[in-house]
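Subject: Structure for your review

Dear colleague,

Here is the structure I said I would pass on. My notes on what was found in it follow below.

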Amino acid sequence: MPGHYKVGVYYDTSEVVGTANASQMFWGRYGGYLLMDQMVWRFGSGADRGLILVLDGTISDIRTAQIPYWLLAAAVVQGPLPSRPNDFLGLGFIRAWVNGRAIDTRQAMLAASGRANPMLELGENVVELSYGFQATPWLLLHPNVQYISNPGAFSFKHIPNAWAFGLATKITF
């Protein structure tokens with residue numbers, strides 16, 4: 001059954017501000033990624049329709065990245081109906097971690113200003129349900145709904161969990 005597996009790394013030689021201390025500079029930063037998708041169940045022999053599992057992740061330089069770790073896990077049903085082989089239905093989970101050094105720095109700043117134990121969030125989570133409707137060979141409509149927990153994690157603010165509704169379109173020329 002079809003699947004795709006990609007692994008990559010990078011090294012950037014530029015000078016970069018540190019995450020924990022804005023006056024600290026670092027030469028170079030690094031990161032890596034893993035992208036995988038694998039069909040695990042086919043709807044009939046020879047069909048391009050089936051269940052695909054997806055796993056993507058990144059790791060970045062903890063000295064300089066606000067998001068040092070990021071993970072996506074999803075299940076996608078390609079061709080959920082025999083009459084709609086190019087449509088897809090997806091359910092996914094994304095987790096993005098706030099850099100622990102940035103959290104420590106912010107907690108120290110808040111404690112120095114009299115706010116003890118601010119209970120900053122360690123990251124943000126998103127659950128998404130989506131449907132890709134291939135209206136024509138050249139037009140894809142992709143409505144989705146997301147539930148976002150800890151949406152203020154990266155701004156160090158306590159923001160209530162949120163719902164987001166979207167519609168993406170893709171036109172192929």
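This is a predicted model: local features need pLDDT of at least 70, side-chain atom pairs count only at pLDDT 80 or more; totals for chains, interfaces and linings use all residues.

As background, nonpolar side chains in soluble globular proteins tend to be buried together.

Leaving aside residues up to four places away in sequence, L120 touches I103, R106, Q107, L110 and F156. F156 is found in the loop between β7 and β8. Is F156 buried or exposed? F156 has a relative accessibility of 18%, and because the cut-off for buried is under 20%, F156 counts as buried. The phi of F156 is near 60°, a positive value in a residue other than glycine.

**N150, in the loop between β7 and β8**

N150 lies in the loop between β7 and β8, the latter strand being residues 162-171. N150 also has a positive phi, of about 60°, although it is not a glycine. The relative accessible area of N150 is 18%, so N150 is buried. Which residues does N150 touch, not counting residues up to four places away in sequence? The contacts of N150 on that basis are E121, G123, E124, N125 and N161.

Strand β1 (residues 3-17) and strand β2 (residues 25-42) run antiparallel and are joined by 13 bridges. Within this pairing, D12 stands opposite R29 in β2. β2 is also joined to strand β3 (residues 50-60), again antiparallel, by 11 bridges. There, M39 has I52 in β3 as its bridge partner.

V16 is found in strand β1. With a relative accessibility of 9%, V16 counts as buried. Not counting residues up to four places away in sequence, V16 touches Q24, M25, F26, R29 and T64. V16 and I59 are 43 residues apart along the chain, and their C-alpha atoms are separated by 17 Å.

G57 lies in strand β3. The relative accessible area of G57 is 17%, so this glycine is buried. G57 touches G32, Y33, L34, W70 and L71, with residues up to four places away in sequence left out. For one of these contacts there is also a distance: G57 and W70 are 13 residues apart in sequence and 5.4 Å apart in space, C-alpha to C-alpha.

β6 and β7 form a hairpin, with 2 residues between them. The two strands run antiparallel and are joined by 9 bridges. In this pair, L129 has V145 in β7 as its bridge partner. β7 pairs with β8 as well, in the antiparallel sense, over 10 bridges. In that pairing, the bridge partner of L139 is I171 in β8.

**Largest pocket**

The largest pocket has a volume of about 260 Å³. It is lined by 14 residues, and those closest to its centre are L72, A74, G92, E128 and S130.

Which strands each supply at least two residues of the lining of the largest pocket? They are β4 (69-78), β5 (88-97), β6 (123-136) and β7 (139-149). The largest share of this lining, 6 residues, comes from β5. By type, the lining divides into 8 nonpolar residues, 5 polar and 1 charged.

**Where to look when you open the file**

Two places bring several of these points together. In the loop between β7 and β8, N150 and F156 can be viewed in turn, N150 with its positive phi and F156 with its own positive phi. In the β6 and β7 hairpin, both strands also contribute to the lining of the largest pocket.

Regards

Terms used:
Residues are numbered from 1 along each chain as its sequence is written. Side-chain values use heavy atoms; hydrogens and water are left out. Contact means heavy atoms within 4.5 Å. Two strands pair if DSSP finds at least two bridges between them. Helices (H or I, at least four residues) and strands (E, at least two) are DSSP runs, numbered from the N terminus. On a 1 Å grid over the protein atoms alone, a cavity is a set of points where a 1.4 Å probe fits but cannot get out, and a pocket is an open set with protein on both sides within 12 Å along at least five of seven lines; lining residues have an atom within 4 Å of a point. Grid points are joined across faces, edges and corners, and a volume is the space filled by probe spheres set on the points. Ala, Val, Leu, Ile, Met, Phe, Trp, Tyr, Cys and Pro count as nonpolar, Asp, Glu, Lys and Arg as charged, and the others, Gly among them, as polar. Buried means under 20% relative accessible area, exposed over 50%, partly exposed in between (1.4 Å probe, protein chains only).
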